[in-house]
Each structure stands twice: as structure tokens, then as C-alpha cells.
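Good morning, and thank you for coming.

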Amino acid sequence: MKILELRDVSYSYSKGTPFEKKALDSVSVGFESGRVTGIIGHTGSGKSTLVNLLNGLYRPDAGEVILDGKNIWDEPKKISAVRFRVGLVMQYPEYQLFDETVRSDIAYAPRNLKLGKEEIERRVRAAADFAGLDDTLLDRSPFELSGGQKRRAAIAGVLAMEPDVLVLDEPAAGLDPRGRREILGGICKRYAKERGISVILVSHSMEDMASYCDDVVVMNNGKIHRCGEVCEIFKEAEELEKIGLDVPQISKIASKLAAEGITLTGETYTVDGFVAAFRKYTEGVM
């Protein structure tokens, strides 16, 4: 089920001035519950603009943003309620930590929802668990944490809202490979599957898209260039490269093999999938 949709949405910056620039042009796309959708595109393709429209930080010039069947701008005075339902984790969210303890920082949004103390504590603990934060860290100052722990604490603050849609803009930026795996696999993928919500992931890393997403939306010059399941998108490596995008190295190898008449079947856009497909192919020809 599509929990969140953009229908013919357009948006321009500096509208009505000589510097007007159209960032999105009649974009229509939907996001399903229980799935991780990746958004990729080169710089200036419209990814960040789209993300800011999803929870009402920007209002479209034309078109509709539909959340659970309702236009989020039907009642502008209630747009803050939409932002609790569509949780947005911006780049380097640890810079937004501010409270005395990690526990209090994570509890900030639930407190604003006017929840009871027991419910707030339940949400704090559940969010910390999903983010991979040990209980022993909850009563420490967030400024005493390591960089990776700060990132987790900031993400936990959004998870504590228990949103219907979770949007993450480059959530693993600046992290080492282990940190990337733990954030993207342990939080994004797990949260979507266990909570049954829609997770939207913006990343420049094609390897991240291939490894952690179910669906991919490819953007180019303010429009949707292509969208579909991961396996469909990365089978067309050459098409992505034509619009200035890189592709996973393993996909390039699979594409070159196909050009030589060696066609592999399976998930050839990830290393594990490629190895399995290649073994299957060699077994068939030996």
C-alpha cells in the first residue's frame, strides 16, 4: 500500500524573480509501507527538494503531497502533525543534539506529542534499541558520545516519534564501513520490516542503494527518470551512466560479461548476488 505519494508536484526556487529555477517538474511517485525506497540522482537533480516536500518543509507550487489518502496541505495549520508522521533525518543530524542527557534528547518529540511518562519511556527505550544504543548511554550527555553514537542518538530521536514514514537524507555520510552497515542495515532495513513502515533513503552511494533498498527512484533534472525494484534499475547500468550516475562496480562487471554473451541470472548488483549467479552459470556450462 502506498502510504505517501507525490502527484504532479512542481516546485521552483526564487519564484517570480530573475533567479527563478525549477527544481521539480510534474513529479509523481509513491512510497509503499514495509519497503525501503532509495532516491538517487546527481547534484541538482531534485533529490533534496523532493525530500523537503515529503513532510511539508516546502509547499509545492503545483500538485499534491498525499499522506494516507489525504493532501497534507488541505489544512495548513495542522502541518506540524504531518511532520510527526513523516519523520525526517537530515544530513549530520548529530549537530541538532541539544539536551542534557541522551534520554532527554530522544524524548523531546514524544514530550511534544503530550504523551504520558510511561509511554515516553517506552518509546525512548524502543528507539534506542533500534538505533543500537546501549541503555548505559541514555543518562550520559550526548556530547560525551563518539561520533557514531551521536548519529545513532539523533536518529533515535526521530524514531521515538514512531512515524508512518521515515526519511533519511545521507544517514551514513562520514561513517566508516562498519558504521554504514549498522546504520543502513541495522536501522533502515530492520525498521522498515519490523515496523511495517515506509523508509525513504537518499544516498550518493550506489552500493548502499543496491544492498539496502527494495525500490529505487532515479531523478534527473527535476524529473523522475526511472523507478522500479532494485534488480530492474541496476540491470541498466549503461542507462544510469548516460545521465551522469555511477553504478556499483559489480554491476559494471555483470554488464560487460553480458556484452560478451555471458548472461548471469540473479541479483548481480551486489557482490554476494553476483558470486551466487556466477557459480550457477559455471555449474550450467561445465
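Which residues in H5 meet which residues in H7? Ala-126, Asp-129, Phe-130 and Ala-131 in H5 meet Gly-186, Ile-187, Arg-190, Tyr-191, Glu-194 and Arg-195 in H7, where contact means heavy atoms within 4.5 Å. These residues divide into five nonpolar, one polar and four charged.

A word on the source. This is a predicted model, in which local features need pLDDT of at least 70 and side-chain atom pairs count only at pLDDT 80 or more, while totals for chains, interfaces and linings use all residues. Residues are numbered from 1 along each chain as its sequence is written, and side-chain values use heavy atoms, with hydrogens and water left out.

Next, the geometry of this pair. The axes of H5 (residues 117-131) and H7 (residues 177-195) come within 9 Å and cross at roughly 125°. H5 is therefore oblique to H7, oblique being the class left after under 35 degrees (roughly parallel), over 145 (roughly antiparallel) and 65 to 115 (roughly perpendicular).

I turn to helix H6, residues 147-159. Its buried residues (under 20% relative accessible area, 1.4 Å probe, protein chains only) include Arg-151, Arg-152 and Leu-159. Among the elements that cover the buried residues of H6 are strand S6 (86-89), H5 and H7.

Leu-166 touches Tyr-191 and Val-199, among others.

Methods:
Axes are lines fitted to C-alpha atoms, for helices over the stretch in contact, and angles run from 0 to 180 degrees between N-to-C directions. Helices (H or I, at least four residues) and strands (E, at least two) are DSSP runs, numbered from the N terminus. Ala, Val, Leu, Ile, Met, Phe, Trp, Tyr, Cys and Pro count as nonpolar, Asp, Glu, Lys and Arg as charged, and the others, Gly among them, as polar. The expected span of a helix is 1.5 Å times one less than its number of residues. Buried means under 20% relative accessible area, exposed over 50%, partly exposed in between (1.4 Å probe, protein chains only). Lists of a residue's contacts leave out its neighbours within four places in sequence.
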